[in-house]
Amino acid sequence: MFVLIGVAVVIIGFALRINALLVVTVAGIVTAAIGGIDPVGILTAFGSGFASSRSVTTFALVLPVIGLIERYGLQDQAKRLIAKLDKLTTGRILAGYLAVRQITAAVGLTSIGGPAQTVRPLVHPMAEGAATKKYGRIDERMREKIKGFSASSDTVGVFFGEDVFVAVGSILLITTFVDTTYGLALEPIDLALWAIPTGIAALLVHGTRLLLLDRKLDKMAADVRQTEGVAA
């Protein structure tokens with residue numbers, strides 16, 4: 001019963017808005033000490049936990065690198081590249097990224113893209129650069145619309161693509177739950193095959209929405225020009 005004091009430590013620490021990492025660490029130490037684990041055992045547990053989940057901390061290295069390359073003009077270079085390609089529109093860029101993201105997720109490469117490492121520093125600047133090249137200037141509403149669709153191209157792609165990969169966590173969780181709960185022998189490949197039609201449907205539906213984004217931007221740009229004309 002006393003080991004639940006660690007939960008109280010977490011609640012109090014979060015209520016006082018103390019650093020979350022510090023709160024969880026102290027709560028773990030308190031719980032282990034009350035449970036009778038010696039200091040060496042506590043240190044061993046922390047070390048084993050860090051070693052087994054060290055991939056989770058990769059973001060601590062990735063984010064500074066992304067910030068550094070952004071500081072030295074990655075977004076500007078992406079916009080300049082798109083400005084040289086006449087036929088690439090905002091919708092086509094995002095639809096292409098959706099297809100690439102979904103295909104790579106379907107073969108298990110879910111970590112090569114993402115909002116932080118790909119969308120913000122590369123995909124969104126390219127989409128915005130295409131809009132700027134076409135309309136000359138975009139207002140805040142257009143910019144926010146492009147941001148939202150840029151994020152959705154990544155989210156939809158990985159969400160509906162990863163289930164095609166038999167070794168993804170969600171597939172293994174479903175098969176384990178079904179097998180233990182209902183006594184069946186559901187194979188991961190069965191779920192992966194059934195995920196293919198859903199993935200294709202998602203690609204077609206959201207890909208069409210991304211291509212139609214160009215029409216929405218055309219209308220929004222026309223409204224901006226009309227407003228500016230009235231104001232003048």
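Predicted model: local features only at pLDDT ≥ 70, side-chain atom pairs only at ≥ 80, totals over all residues.

Reader: Which pattern does the chain follow when read along the sequence?

Author: The chain holds 10 helices and 0 strands. Along the sequence the pattern is therefore written with helix symbols, strands being DSSP runs of E. It reads α-α-α-α-α-α-α-α-α-α.

Reader: What percentage of the accessible surface belongs to carbon and sulfur atoms?

Author: Among the 232 residues of the chain, 29% count as buried. The accessible surface of the chain amounts to about 14600 Å². The part that belongs to carbon and sulfur atoms is 70%.

Reader: Is Val-166 buried, exposed or partly exposed?

Author: Val-166 is found in the loop between α8 (140-161) and α9 (169-182). Together with Ile-189, Leu-193, Ile-196, Ile-200 and Leu-204, Val-166 makes a nonpolar surface patch of about 520 Å². Buried means under 20% relative accessible area and exposed over 50%. Because its relative accessible area is 33%, Val-166 is partly exposed.

Reader: How far does α8 reach from its first C-alpha to its last?

Author: Helix α8 has 22 residues, and its reach is close to the span expected at 1.5 Å a residue. Its buried residues include Met-142, Ile-146, Phe-149 and Val-156. From first C-alpha to last, α8 reaches 32 Å.

Reader: How far apart are the end C-alpha atoms of residues 191-212?

Author: The unreviewed UniProt entry places the feature "transmembrane region" at residues 56-74, 164-185 and 191-212. Residues 164-185 are 64% helix and 0% strand, with end C-alpha atoms 19 Å apart. Residues 191-212, by contrast, are 100% helix and 0% strand. The end C-alpha atoms of residues 191-212 are 32 Å apart.

Reader: Does Thr-175 count as buried or exposed?

Author: Thr-175 belongs to helix α9. Leaving aside residues up to four places away in sequence, Thr-175 touches Leu-186, Glu-187, Pro-188 and Leu-191. The cut-off for a buried residue is under 20% relative accessible area. Because its relative accessibility is 5%, Thr-175 counts as buried.

Conventions:
Residues numbered from 1 in each chain as written. Heavy atoms only, no water. Helix = DSSP H or I, 4+ residues; strand = E, 2+ residues; numbered from the N terminus. Buried < 20%, exposed > 50% of the residue type's maximum accessible area, 1.4 Å probe, protein only. Areas by Shrake-Rupley, 256 points an atom, 1.4 Å probe, with all protein chains shown as cover. Patch = residues over 30% accessible without salt bridge, like charges linked within 9 Å, V, L, I, M, F, W, Y side chains within 5 Å. Salt bridge = Lys/Arg side-chain N within 4 Å of Asp/Glu carboxyl O. Expected span 1.5 Å × (residues − 1). UniProt positions renumbered as here; feature names shortened; annotations may be inferred. Contact = heavy atoms within 4.5 Å.
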